[in-house]
Amino acid sequence: MSGLQQPDEHSMDIPRVAAIDLPLNVKNVDKAINMLGGETFIRSSIRDNQPLELRLRKDPFHHPIQASHSNHERILLKVKIPKKSLPENASSLPIRELLKLNDENPDTPSEKIQPVAIIEKTFSFKAISDFQVSTKNNEFVQNFNKVVLNYKKFDDIKNYVDDHNSFDNYVGIDEDYFKNKDHQLIPPPILSPIRFPFDYKYQKNPSTSTVKDDRGELKVVSKRDRQKLHTLLIHFNSPIPTEPVEAIKQKWEKLKSEQLAVNSMDYYLLECINCLQKLFDAKPIWSRKQLSDIIDVDLRRYIKYALPYVSFIYRSGPWRFCNIKYGVDVIHDSKYWLYQTEYFRVLGLKEAAIPEDSKKIVPPTLKYNKEKYEVSEHLLFNGVNLPSVTTFQLGDIIDYDIVDIIADHQDSMGDGFFRETCDFQDGWVNKQTMEVIRGIMRYKLSKLVKDELIDQNKIQKIMFTDFTADKDDDYEDDNNDDDKNDHNRENEDEEEDEEEDDDDQEEDIPQMEIELETETKSGDINENEIIDKLGALGTDTSNRLSKLVGFIKQDSIDNHDS
């Protein structure tokens with residue numbers, strides 16, 4: 001301890017001051033003080049904590065820079081260094097470097113350091129300057145500044161106001177005023193609310209690169225080698241495909257002919273294709289949710305890649321959202337009515353939790369199959385428990401009311417149960433049966449989501465409603481507000497739960513849009529009758545009101561319940 005030099009002791013009975021850090025190279029102190037508003041304003045800012053502003057030019061419409069202050073105490077030191085030890089470029093060197101040079105020179109005396117004040121408040125201008133508007137060439141602003149802001153006589157202001165008609169209304173404004181030009185306006189008080197700079201850390205996406213296309217335009221492309229699915233999507237009246245596209249046919253042959261490494265991606269893909277072939281032999285039309293529920297866990301991630309090898313998809317129609325085995329012609333064979341799908345937009349279903357204790361059952365469409373495949377019950381509609389999906393195949397509905405309705409209609413209608421040709425909306429089943437099924441399912445789903453009791457009287461009301469009549473019926477669907485026109489509106493924005501992870505499909509494969517054509521339901525209000533009644537009001541009134549017919553076609557679900 002004896003070898004260490006003891007520091008000098010100094011008294012801290014020194015003045016307390018405030019400091020202002022200016023973002024300027026101050027050469028004229030008086031000018032710098034005036035830029036801050038003068039000594040009086042600076043003193044009041046220090047004493048009363050008023051905002052201190054820095055104005056870089058003399059302009060009443062200039063946007064000043066506001067200071068932020070800190071109350072952290074600091075010590076102001078006075079340092080004296082002998083001139084003999086200072087180099088020629090001393091003004092460009094930091095104080096620490098000058099002190100070091102003086103210590104290294106034995107011919108010069110030691111420096112003198114002493115505290116002279118305690119800085120108890122510091123003003124600093126760290127905020128960025130706002131956008132500025134130059135008014136130098138703005139005649140109106142210059143005149144306003146001279147006459148109003150810096151007036152010398154009251155008569156000058158009075159004459160100025162009278163010349164502008166007391167600034168009342170738009171007197172004196174002609175068409176030229178509204179042209180896109182300089183309107184000689186007074187600048188706004190602020191242009192940007194951002195005071196401090198922020199680094200957004202924008203960086204290039206490492207997984208993309210920029211290339212030029214055939215036309216020489218820059219295009220951002222992904223560096224990742226995305227595996228194309230080659231999903232085959234067809235329209236309702238398109239020819240039925242009998243085999244996959246040529247690209248995956250060649251890959252399939254290659255997979256079957258090679259010795260694949262166990263646990264490789266190609267190995268699992270081939271295993272998944274073989275498994276799907278067995279499932280499609282047992283049942284020609286599947287929903288992807290059911291396939292994922294049946295297939296082995298290790299193969300589930302390969303289902304979307306394997307499905308194009310064994311099945312195709314309808315963009316719209318009664319079998320939308322289903323994977324259909326190649327060569328199966330559902331449009332010309334009525335036996336495939338069991339696999340028709342019904343989709344319902346159920347508000348709140350996605351938030352509902354999937355039951356953990358859901359048991360596995362054999363779907364009715366696989367009841368007579370040799371090998372029994374079981375699916376989770378929450379993927380089927382039983383009318384009692386809330387399902388986890390919104391798309392259901394007619395043949396897999398296990399709700400007792402709907403099963404009885406289908407059986408009764410088949411017995412009572414005979415050959416009339418099926419249509420002569422496949423319909424775009426109802427498929428092979430007659431309109432009356434389909435509307436009853438939709439009405440009951442729609443009503444029950446709305447009650448299950450809300451956890452409310454199901455009224456059997458309303459079920460009976462739906463069952464005995466004639467949906468084939470061309471007049472207004474006494475019955476109106478209790479869930480008209482939520483779903484009555486779902487079947488006619490599915491081309492808007494519906495998102496199928498079964499295809500929720502198909503975002504990985506390649507860009508050149510079109511998305512599965514629902515291009516469902518609409519048909520007027522006989523259960524809806526008859527527009528012709530309304531227009532005929534409006535005609536009695538007069539030609540002009542009829543023409544105007546007839547355009548509003550579409551707005552009165554739906555009633556609130558609350559009105560029905562009341």
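The sulfur of Cys-275 has its closest cysteine sulfur in Cys-272, at 6.5 Å, which is too far for a bond. Welcome to a quick tour of this predicted model, in which the protein has 17 helices and 18 strands. Of its 562 residues, 38% are buried. Among contacts with a separation of 6 or more, 65% join residues 24 or more positions apart.

**Cysteines**

- The structure holds zero disulfides, and for Cys-275 the reason is distance: the closest cysteine sulfur, in Cys-272, lies 6.5 Å away.
- Cys-275 is partly exposed, because its relative accessible area is 27%, and that value falls between the limits of 20% for buried and 50% for exposed.
- Cys-422, by contrast, is buried, with a relative accessible area of 13%.

**The α11 and α12 pair**

- Helix α11 covers residues 431-450 and helix α12 covers residues 456-463; their axes come within 9 Å and cross at roughly 160 degrees.
- The two helices are therefore roughly antiparallel, since angles over 145 degrees count as such.
- The crossing of α11 and α12 is right-handed.
- On the α11 side, the contact is made by Gln-432, Val-436, Gly-439, Ile-440, Tyr-443 and Lys-444.
- On the α12 side, Lys-458, Ile-459, Ile-462 and Met-463 make the contact.
- In the loop between α11 and α12 you will find Asp-451, a residue other than glycine with a positive phi, near 55 degrees.
- Asp-451 is exposed, with a relative accessible area of 70%.

**The α4 and α5 pair**

- Helix α4 (residues 139-149) packs with helix α5 (residues 154-163) at an angle of about 145 degrees, and the axes are 9 Å apart.
- From α4, the contact draws on Phe-140, Asn-143, Phe-144, Val-147 and Val-148.
- From α5, the partners are Asp-156, Ile-157 and Tyr-160.
- The residues of the contact of α4 with α5 divide into six nonpolar, one polar and one charged.

**A covered helix, α9**

- Helix α9 spans residues 303-310 and is mostly covered, with eight of its eight residues buried.
- Those buried residues are Ile-303, Lys-304, Tyr-305, Ala-306, Leu-307, Pro-308, Tyr-309 and Val-310.
- The helices they pack against are α6 (246-257), α7 (265-282) and α8 (288-294).
- The buried residues of α9 also pack against the strands β11 (311-314) and β12 (322-325).

- Most residues other than glycine have a negative phi.
- Asn-49 has a positive phi of about 60 degrees, although it is not a glycine.
- Asn-49 sits in the loop between α2 (39-48) and β2 (53-54), and it is partly exposed, with a relative accessible area of 48%.
- Pro-87 lies in the loop between β5 (74-80) and α3 (95-104).
- Pro-87 is partly exposed, with a relative accessible area of 28%.
- Leaving out residues up to four places away in sequence, Pro-87 touches Leu-93, Leu-98 and Leu-101.
- From Pro-87 to Asn-102 there are 15 residues in sequence and 9.9 Å in space, C-alpha to C-alpha.

How values were computed: Residues are numbered from 1 along each chain as its sequence is written. This is a predicted model: local features need pLDDT of at least 70, side-chain atom pairs count only at pLDDT 80 or more; totals for chains, interfaces and linings use all residues. Side-chain values use heavy atoms; hydrogens and water are left out. Axes are lines fitted to C-alpha atoms, for helices over the stretch in contact, and angles run from 0 to 180 degrees between N-to-C directions. Helices (H or I, at least four residues) and strands (E, at least two) are DSSP runs, numbered from the N terminus. Angles under 35 degrees count as roughly parallel, over 145 as roughly antiparallel, 65 to 115 as roughly perpendicular and the rest as oblique. A crossing is left-handed if the near helix is turned anticlockwise from the far one by less than a right angle, and right-handed if clockwise. Contact means heavy atoms within 4.5 Å. Buried means under 20% relative accessible area, exposed over 50%, partly exposed in between (1.4 Å probe, protein chains only). A disulfide is a pair of cysteine sulfur atoms within 2.5 Å. Ala, Val, Leu, Ile, Met, Phe, Trp, Tyr, Cys and Pro count as nonpolar, Asp, Glu, Lys and Arg as charged, and the others, Gly among them, as polar.
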